[in-house]
Structure formats: C-alpha cells, structure tokens
Amino acid sequence: MSAVRVQGLTRTYPSDDEPVTALAGVDAEFERGTFTAVMGPSGSGKSTLLQAAAGLDRPSSGHVWIGDTELTKLSETKLTELRRGRIGFVFQAFNLIGALTVEENILLPLKLSGNRPDRAWIGQVIDQVGLGNRLGHRPSALSGGQQQRVAIARALASRPEVIFCDEPTGALDTNTAAEVLALLRGIVDDHGQTVIMVTHDPVAASYADRVIVLADGRIVHDLPQPGAARIAEHLAALGRRRVPTRPSSSRGMSDGATSIGDVTAGSASVGGVTAGGVTAGGASVGGVTAGSAGVGGVSDDGMSFGGVSDGAGFGPLSRGAAR
Ligand SMILES: Nc1ncnc2c1ncn2[C@@H]1O[C@H](COP(=O)(O)OP(=O)(O)OP(=O)(O)O)[C@@H](O)[C@H]1O
C-alpha cells in the first residue's frame, strides 16, 4: 500500500474576478520508503497540494489517503489526531519553541498528543540527527542547520507514516542545506521513512527518488531520479513557455521571500544548475528564517504552538494561517 495517495484533487479559491484554480485534478501515489520532491513555478500549486495531502486543507473535490485512511471523510477532530500521530512536518522556518530545550522541542508533539515516547527510537533519532550533545541547549544557541535537524528529529519522534517538508533548506546556506538534505535522504534509506518535499531548488530535488513537476495545478512531469541538470532543464522549459502574470505568491510556507527558483521570472537565481540559459535554482538565498509566513496561524494539531511561539511564525502549514 502507498503511504500517501491523492486522486482527482482539485482546489479552487474564490476571488473578486474569477475563482483561482490552484489544483486542477491531481492524481499521485507516494510509495512507502521513498523521497519525492514537488517542484514547479511559483503559483503552480505545490503548497496547495502539500496542504491537501497533509490534511491541513480540504480540497474542493477529490480524495486523499494516508495509508488506508481517507482524509476527506474525517471529522476535524479525527483529522487533528491523524496529523499528530501519523504525519510529520518540517518547515522552512524551523518553528522551534525558543523557551524549550532541544530535547523538549523534539518530544513536544508526543507530549501534546499524550503518547509515551519510545525512548529507544528517540535515541536513534537523536543519534541520526547528531545532536546528542546539544539536548539541553535552547534553539537560539544552535545554527540554522542544527535547528533544522532538531525540527527533523521532532518530525520523526512519533515515527510518522510520512514527513511533509516545505522548502526545508530555504533558509540555509548551500553547505548546511546539503547536510539537511543528506539527513532527509538518510531517514528514507535507513528507516524506510516516506518524505515528500516541496522545493524550488533542483539541487535539493536531486536528493529525491522522484521529482514531480506541477504547472497550473497539474502534474506535468513525473521524473524518476532525474538529476539536477535535467530538473533545471524541465523547469527552464516551463519558464520559457510561461509569461509571468503576477508576482510570486506571498502567502503560505513559501512566502515569496525564498521563491528563488521561480523560473517564470526567467532570471532566477543563484548558484547551482544552469540550463538553457536560465539558472533554475541553486540552494538557499533569501535567508528568511521566520516571521513573514503565517503569523498568527494557530492550528489545532500540535504543530503550531500558538501562544508559546518565539515569533517564528507557526502558521505556514497551519489551518487558519494568514494567507
Ligand atoms: N488562500 C488562497 N486564496 C486565494 N488564492 C490562493 C490561496 N492560496 C493559494 N492561492 C492561489 O493558488 C495558486 C497556487 O498556489 P500555491 O501556493 O499552491 O502555489 P506554489 O506553487 O506553492 O507557489 P509558491 O512557489 O510561490 O509558494 C496560486 O495562484 C495562488 O495565488
């Protein structure tokens, strides 16, 4: 059975003119123990797909399954329980609680859901992320890469069936991003985790087993292990096909500040891979770690720690986030 499956997924948003179609019928299956990158120009529907697949947003039509549970049929309460226990999240902005230690941050979702930590597993997770000697530190004493490793450990703590990552390296420098991506790769290879990651960066996507490319709310490419250069070529081709009609969307997890690989702009971006004259990607410019995405996004799933927040903008993936 696949870890995640979506079928006929559509999502439209009302607007003053005509409704905006963010997803226009997406079918996809994500096998257990695989690492998938979701790419596409800004506004192509990546975040909307992630949010619908993670049960943070209800699609206008279509179905979503986590394992054999169909999310679209669940009540809000059941959906919240499912997110707490069966899904992990990693955000661009880390979203750690500044007042808590590394260890407390890692254990917090378990605590909130009332589940006992599996100490042996937590020990393995802490070893894997390499933070054993930092457990008593506060996040502010850690580098960005270390903070993201804490966030990955937190996502793993409940042994979720799938971890959704939204631009997990968007706030990191190239070397640190590579470490975090290697860690994500490692949790797939070593623990059979399933990871689905939205990214603008072809280099980041090249760590995945498979790259799905969206355009205008549809999957236009589904590429097995394409390599950064080929990914960049596909994105560049999409960029040439498209005429930008609006600026990068300024809500949600990719809040525009880090939409560096937006090939619709034709002139993106830094480093990394150049294809067809368009530099499509390169890791991590923008360095915006917090704040601009989703202020006040207090959710009900234990991933958005509302009042206790250190201002890191816990809203990005959360219900009711300022979009
Ligand atoms: N809450 C909303 N209200 C209205 N339109 C929305 C809303 N959320 C998303 N959209 C629109 O849906 C489309 C898809 O947005 P989405 O955020 O999924 O794209 P994306 O590929 O993640 O973009 P980016 O890379 O810029 O983050 C865009 O046209 C966007 O403006």
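Helix 5 passes helix 6 in a right-handed crossing, where a crossing is called right-handed if the near helix is turned clockwise from the far one by less than a right angle, and left-handed if anticlockwise. The contact is made by Gly144, Gly145, Gln148, Arg149, Ile152 and Leu156 on the side of helix 5, and by Thr176, Glu179, Val180, Leu183, Leu184 and Ile187 on the side of helix 6, two residues being in contact if their C-beta atoms, placed from the backbone, lie within 7 Å. By class, this contact of helix 5 with helix 6 has 6 nonpolar, 4 polar and 2 charged residues; Ala, Val, Leu, Ile, Met, Phe, Trp, Tyr, Cys and Pro count as nonpolar, Asp, Glu, Lys and Arg as charged, and the others, Gly among them, as polar. Helix 5 (residues 144–156) and helix 6 (residues 174–191) pack at an angle of about 20 degrees, with their axes 9 Å apart. That angle makes helix 5 roughly parallel to helix 6, since angles under 35 degrees count as roughly parallel, over 145 as roughly antiparallel, 65 to 115 as roughly perpendicular and the rest as oblique. Axes are lines fitted to C-alpha atoms, for helices over the stretch in contact, and angles run from 0 to 180 degrees between N-to-C directions.

The model is predicted, and local features need pLDDT of at least 70, while side-chain atom pairs count only at pLDDT 80 or more and totals for chains, interfaces and linings use all residues. Residues are numbered from 1 along each chain as its sequence is written. The protein chain has 8 helices and 12 strands, which are DSSP runs numbered from the N terminus (helices H or I, at least four residues; strands E, at least two).

An open sheet of 4 strands, in the order 2-1-4-5, has antiparallel pairing. Strand 2 (20–30) and strand 5 (69–70) stand at the edges, each with a single partner strand, so one side of each is left without a neighbour in the sheet. Strand 1 and strand 2 run antiparallel and are joined by 8 bridges; a hairpin connects strand 1 to strand 2 through 6 residues, and Thr12 stands opposite Thr21 in strand 2. Strand 1 (residues 4–13) also pairs with strand 4 (residues 61–66) in the antiparallel sense, over 5 bridges, with Val64 of strand 4 as the bridge partner of Val6 and Trp65 of strand 4 as that of Arg5. Helix 1 (residues 46–53) lies across strand 1, strand 2 and strand 4, running at about 125 degrees to strand 1.

Terms used: Pairing = 2+ DSSP bridges.
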